[in-house]
Amino acid sequence: MVGAMTESTLDLTLDGPALTARLVDFPSVSGQEKELADAIEAALRTLPHLTVDRHGNNVVARTHLGRAERVVLAGHIDTVPIADNVPSRLDDDGVLWGCGTSDMKSGVAVQLRIAATVPEPNRDLTFVFYDNEEVAAHLNGLGHVAEAHPDWLAGDFAVLLEGSDAEVEGGCQGTLRVFLRTEGERSHSARSWMGSNAIHAAAPILARLAAYEPRRPVIDGLEYHEGLNAVRIEGGVANNVIPDACTVVVNYRYAPDRTAEEALAHVREVFADCGVAEFVVDDHSGAAMPGLSHPAAKAFMAAVGGTARPKFGWTDVSRFGSLGVPAVNYGPGDPLLAHKRDEHVRTDRITHCEERLRSWLTG
């Protein structure tokens, strides 16, 4: 058992797995990252080869060595709500359990280890630790830094330490969430013919979703798999009232060959004749192309090895792409374990990612 933190400091001399455990034992659910951000800032300020800046609960540290290329290593410090899985726990077989182990405090630990142990990299480095990634896009700390201090994020290439099971994952899917609202007329359920049932009116929407065939486009040699799904439905007034309103919440995960505008137009087209009274966009973050043909990405792939895979899900490689910085996902966590009660990470994955990044940045 790894005990809960009793101090507000981070020891960057710990190895990657032990540092991951310490990070997990700093609870940092989205919106509650200040304590961890304070600890990261304080630890980085002890490293003389870095300059450290802070915006809100977002910490950016940079080398200034005059190298020909600058690489950004980025990771979010928040987690989804804790599910009785803190403090962390290390098994004898090298598995570390706890909230954020996979998504993505193991990746943050690798960032901190590189920051502490590679004072003279062959490329200038920028380390970004940001808050509120797991919630709505307008709260995202990386977005706030990009708006307030875009120069802090300048670079030729970025690696997002999101969980990828120690394999490079190219690009990311876009994510679009819409509210499809249907209308009816209230009446007593004993005299239903006097009203119009808004929940029944949502049937064409659900039928369209059930029959939907998602695309599986191949982009830069990677096959993406789209998805259009109802994720929530809300309606009803009382058990004896015919409802006059119903909302179906639909999430569209789309491949990076669609622009944000094309994705929205597609969803509108799918439901155009389904009796939708109101179509409301609740949240939308665009996709990112794999970019594996970029010279920096090729060099990175050659250094870390393995076989590139598509990223199923949205990550901030999209945000870097919008800033003109090609980016990939590469981290020790397993994306299939993200947000689960039994979230865990293999400690050998943490060590492997750190070693491969160090080799790339010192070779």
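This is a predicted model: local features need pLDDT of at least 70, side-chain atom pairs count only at pLDDT 80 or more; totals for chains, interfaces and linings use all residues.

Modeller: Just after H8, Gly 305 takes a positive phi of about 75 degrees.

Colleague: Which residues of helix H8 are buried, and how wide an arc do they cover around the axis?

Modeller: The helix runs over residues 295-304, and its buried residues are Ala 296, Ala 297, Phe 300, Met 301, Ala 303 and Val 304. They lie on the same side of H8, because the arc they cover around the axis is only 165 degrees.

Colleague: Which exposed residues are on the face turned away from the buried side of H8, and what do the buried residues pack against?

Modeller: The face turned away from the buried side carries Pro 295, Lys 298 and Ala 302, which are exposed. The buried residues of H8 pack against strand S7 (157-160), strand S18 (327-329) and helix H10 (347-362).

Colleague: Which residues other than glycine have a positive phi, and are they buried or partly exposed?

Modeller: Most residues other than glycine have a negative phi. Ala 166, in the loop between S7 and strand S8 (169-170), has a positive phi of about 60 degrees, and at 10% relative accessibility it counts as buried. His 339, in the loop between S18 and strand S19 (344-346), has a positive phi of about 70 degrees. With a relative accessible area of 46%, His 339 is partly exposed.

Colleague: Where is the cis peptide bond that involves Pro 87, and what is its omega?

Modeller: Pro 87 lies in the loop between strand S3 (70-76) and strand S4 (89-90). The bond runs from Val 86 to Pro 87 and is cis, with omega near 10 degrees.

Colleague: Which residue does a cis peptide bond join to Met 104, and what is omega there?

Modeller: Met 104 has its place in helix H3, residues 101-117. The residue joined to Met 104 by a cis peptide bond is Asp 103, and omega is about -10 degrees.

Colleague: How many disulfides does the structure hold, and why is Cys 172 in none?

Modeller: A disulfide needs two cysteine sulfur atoms within 2.5 Å. The closest cysteine sulfur to that of Cys 172 is in Cys 353, 19 Å away, which is too far for a bond. Cys 353 is likewise in no disulfide, its nearest cysteine sulfur being that of Cys 172. The number of disulfides is zero.

Colleague: Are Cys 172 and Cys 353 buried or exposed?

Modeller: The cut-off for buried is under 20% relative accessible area. Cys 172 is at 0% relative accessibility, and Cys 353 is also at 0%. Both count as buried.

Terms used
Residues are numbered from 1 along each chain as its sequence is written. Side-chain values use heavy atoms; hydrogens and water are left out. Buried means under 20% relative accessible area, exposed over 50%, partly exposed in between (1.4 Å probe, protein chains only). Helices (H or I, at least four residues) and strands (E, at least two) are DSSP runs, numbered from the N terminus. The arc is that of the directions from the helix axis to the C-beta atoms. Contact means heavy atoms within 4.5 Å.
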